[in-house]
Amino acid sequence: MKFSPYLMKFTIFDRLLMGYIAIMVLVFAQGFYTVWNLRQSHHLIQAIDTVDGTAIRLSERLIEDLFSQFAFGEKYLLSGDADYLNRFETLTEDTLRRMEDLEKLAGPRGPSNVSNVSGLYDRYVTLFHEEAELVRRHAVYSRESHDRRKEIITDGLSGQLKQIIQDFKSLRNEKIATSGQILHKVYNFTFGMAGFIILIGALVSIYNTRSINGPILILKHKTREISEGNFDVRAVVRSPPEIAELDHDFTRMCERLKELEDMKSNFVSHVSHELRTPLTVIKEASSMLLEDIFRNHHRKRHELSSIIHEECDRLIMAVNRILDLSRMEAKMMPFDFTECDVKTLIQKCVSKMSPLMERKNIDVEVRVSETLPFAAMDPHQIEQVMENLLGNALKYTPDNGLISVRGELLEKDPDYMKISVSDNGAGIAGKDLKKIFDKFHRIDNGRGTIRGTGLGLAIVKHIIDSHGGKIWAESIEGKGSTFYFTLPVHSSS
Ligand SMILES: Nc1ncnc2c1ncn2[C@@H]1O[C@H](COP(=O)(O)OP(=O)(O)OP(=O)(O)O)[C@@H](O)[C@H]1O
Ligand SMILES: [Mg+2]
């Protein structure tokens, strides 16, 4: 399955939300359609009872009532009994009311002959009243002709009412059929829509799962490759932002691991070089002494002994650095803080190094502010910092160079003092300035002959951090470097 680059911009949350919203909209549309149609069907069923059923019952009742009313009328005409007339009149009122109700129920779209019925009925009642008047006045009239006219009207009325009943029954059947059709439509639509929603849900889930799972699988393979020691990084092709971020961090982790791996192999080669050179020198010098080649040259024998001594010192120093750094990293290095005069400490370190500087004819300039207060520090460790920085300045500055040491209170924050060691030596490229404080990081720019483990500045950084200060370097390649560090005037501990 190919993932569109446009869709890949959306986060996992957005995708899930959009998927659920689409499904919810479909479910809502289906529900709305079903409810709408069921309501229509419900109205139809209600109308069957309240309109058609009532009209049919009303019409049947009218037929019954008309015949009993007409019977009362006939009895009155024969007997002249006013009681029959009263019953006739009462029933007339009831019948007129029922006909009015029937007309309302039929409405403009109902059976058209409803209005004919009341017309016929009016004619019958008028005819009856005319005849009743003749009977009351004992007038002579043709009863037969009256009876015939009444019979025609009565037949018409009963025929019309029967037709009305038939029409309402047809309307009722039509409504039942329409309601059945609606229910059938709803049934089909519900099933179709449910299938469609399940299909859409499945497609959305498959798409989301695959677009999330795919990049995760690639990351899983990458992790396996890393565990097998292959740190070469490969970007995940198109992934949601969260995974792209994870991949970015993962790639950075790979790069860092690769750097560490390189550092490790550099370290092994540096350290083995650092150890092998003095060991070879010691071996050679001691062999010469053992073979007694310079038996009669006291000065030469002394020189050989001093070389062995110096190289032993170098070895001890290299091993001590490695041990110091591991103790500092494990936070097991004890610090012994005491109030100290930094100026004296700096002078002491410079004096210690001056024979080496004289050997390279390097001038040292020390300018430490007179007002520099005493500070709480571990003097032994700060001496180590100064010796490392001065040692580096000496190491990376050619003969006849200049080293200057400065000490003053920080202008911006007088709670701190700033000490700097500058030289006019080889300098450091901008891209290496931050990395030189990493352990084992040495810059190889053709200065292969300069020996070192690449641990000095890493140890210095640990010490300054433990004192609550900061360390950084500024440099112009080929012109020289300046290393700065700050120390709090009042101990933070
Ligand atoms: N004053 C300086 N001028 C130029 N480059 C420097 C200077 N100080 C440090 N560097 C560069 O920084 C790197 C790291 O210095 P660091 O003191 O940690 O190690 P090192 O001097 O090589 O070895 P070590 O100090 O352990 O004997 C050096 O290899 C060097 O390339
Ligand atoms: Mg060094």
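Colleague: How many nonpolar, polar and charged residues does the shell around ligand 1 have?

Modeller: In this predicted model, the shell divides by class into eight nonpolar, eight polar and five charged residues. The residues surrounding ligand 1 number 21, and the closest are Arg321, Asn392, Arg442, Thr453 and Leu457.

Colleague: Which element supplies the largest share of that shell?

Modeller: Helix α8 does, with three residues, while α8, α9 (456–466) and β7 (480–488) each supply at least two.

Colleague: Which polar atoms of the protein lie within 3.5 Å of an N or O atom of the ligand?

Modeller: Among them is an N or O atom in the side chain of tyrosine 396, 3.0 Å from an oxygen atom of ligand 1. A polar backbone atom of isoleucine 443 is 3.4 Å from an oxygen atom of the ligand, and a polar side-chain atom of serine 481 lies 3.4 Å from a nitrogen atom of ligand 1. Of the 590 Å² that ligand 1 exposes when taken alone, the protein buries 97%.

Colleague: Is glutamine 381 buried or exposed?

Modeller: The cut-off for buried is under 20% relative accessible area, and glutamine 381, at 3%, is therefore buried. Glutamine 381 lies in helix α8 (residues 379–395), and, leaving aside neighbours within four places in sequence, is in contact with Met328, Met333, Pro334, Phe335, Ile463 and His467.

Colleague: What span should helix α5 have, and how far apart are its end C-alpha atoms?

Modeller: At 1.5 Å a residue, the 51 residues of α5 (residues 241–291) should span 75 Å, and the end C-alpha atoms are 73 Å apart, which agrees. Just after α5, aspartate 292 takes a positive phi of about 60°.

Note on methods. Residues numbered from 1 in each chain as written. Chains lettered and ligands numbered in written order. Predicted model: local features only at pLDDT ≥ 70, side-chain atom pairs only at ≥ 80, totals over all residues. Heavy atoms only, no water. Helix = DSSP H or I, 4+ residues; strand = E, 2+ residues; numbered from the N terminus. Buried < 20%, exposed > 50% of the residue type's maximum accessible area, 1.4 Å probe, protein only. Contact = heavy atoms within 4.5 Å. Expected span 1.5 Å × (residues − 1). Near = heavy atom within 4 Å. Polar contact = N/O pair within 3.5 Å; in protein donor to acceptor, adjacent residues only side chain to side chain. Areas by Shrake-Rupley, 256 points an atom, 1.4 Å probe, with all protein chains shown as cover. Nonpolar A, V, L, I, M, F, W, Y, C, P; charged D, E, K, R; others polar.
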